[in-house]
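Please consider the structure shown here with regard to its aromatic rings and one of its helices.

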Amino acid sequence: MVTQQEVFDFFARNGIEPHHKVTMHTSLRALGPIENGADGLIDAMKAYLSAPGGMLLIPTHTWANVNKDQPVFDVRSTVSCIGTMAQVAAKRRDGVRSLHPTHSVMAFGQGAEEFIRGEENSTTPAPVSGWLNRMYEEGGKILLVGVGHGRNTYMHAVEERLNISNRISEDAFVPRIIDRDGREIIGQPFHPHETKGITEWLSDFYPNFKAAFEYTGAVHYDRLGQALVYVCDARKIADTMKLIWSKADHDLCLQHKDVPEEYYKAQE
């Protein structure tokens, strides 16, 4: 069973400090039994990340149910579409949920409100001005708990930072956002993700980068409970992707194929 002490030990041996900002995507099923369930896991992580600057950030995305046909995002009640951990986190009262219409996040820790302020003004899923891209400057960590890079939303943020083409829809809708006090905010024209030339989700091709991230030290692996965990460094992930895309002569996310080694390995 995953206990608070096991969470503390996991963080410590993987170089995660109490002042770090940590975001994660989690398969609770992969973890196995957890002391006090999903809430117990959140409590343990919050307790560890309790130093000034420390913060736990759990995505509570709603991209599957906030769109042109249903443009309303109510931060108090719109259910996340990405699993049980997100749904549990969104219901808690000890954190703050951002007002991003499709890619909200639940933030726990000192300064959480300030860190996610302005997300209601987002015009894309992971804008350069948003919290997810700021994980780069913050030296943040991304934990993929029982899942792989196909669930690594940070990679969307890096692609927006690098202005990779064929990622954002030209069509937009205007979201209606209901804040925590029940007030309606008319959002900016919002452009969802769209990649032409594929029949799968764009993120299904992000595992193409796995070997590159291993080579550059952007990711290493450990176990928590029964789950394999990808421990990702936000800066190294972004820097590796920047290097790769600077050399790429084609879109690397249109087919299942590893990134060519010459794009990230130093020439002998």
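The questions below concern this predicted model.

Q: How are the rings of tyrosine 221 and tyrosine 230 arranged, stacked, tilted or edge-to-face?
A: A pair of aromatic rings is described by the distance of the centres and the angle of the planes. Here the count comes to 8 aromatic pairs. In the pair of tyrosine 221 and tyrosine 230, the centres are 4.9 Å apart and the planes stand at 85°. Planes over 60 degrees apart count as edge-to-face, so the arrangement of this pair is edge-to-face.

Q: Is tyrosine 230 buried or exposed?
A: A residue is termed buried under 20% relative accessible area. Tyrosine 221 has 30% and is partly exposed. Tyrosine 230 has a relative accessible area of 11%, and is therefore buried.

Q: Over the face of which ring does arginine 134 lie?
A: Arginine 134 is placed at 4.8 Å from the centre of the ring in question. Lysine 21 lies over the face of that ring too, at 5.3 Å from its centre. The ring belongs to phenylalanine 115.

Q: How many of the 8 residues of helix H7 are buried?
A: Helix H7 spans residues 154-161 and is largely enclosed by the rest of the structure. Its buried residues include Tyr154, His156 and Glu160. They pack against helix H6 (131-138), strand S6 (141-145), helix H8 (210-216) and helix H9 (234-247). The number of buried residues in H7 is 7.

Q: Which residue just after H7 takes a positive phi?
A: The phi in question is about 60°. The residue that takes this value, just after H7, is asparagine 163.

Technical notes: Residues are numbered from 1 along each chain as its sequence is written. This is a predicted model: local features need pLDDT of at least 70, side-chain atom pairs count only at pLDDT 80 or more; totals for chains, interfaces and linings use all residues. Side-chain values use heavy atoms; hydrogens and water are left out. Rings of Phe, Tyr and Trp (its six-membered ring) pair if their centres lie within 6.5 Å; planes under 30 degrees apart count as stacked, over 60 as edge-to-face and the rest as tilted. Buried means under 20% relative accessible area, exposed over 50%, partly exposed in between (1.4 Å probe, protein chains only). A charge sits over a ring if NZ of Lys or CZ of Arg is within 6 Å of the ring centre and within 35 degrees of the ring normal. Helices (H or I, at least four residues) and strands (E, at least two) are DSSP runs, numbered from the N terminus. Contact means heavy atoms within 4.5 Å.
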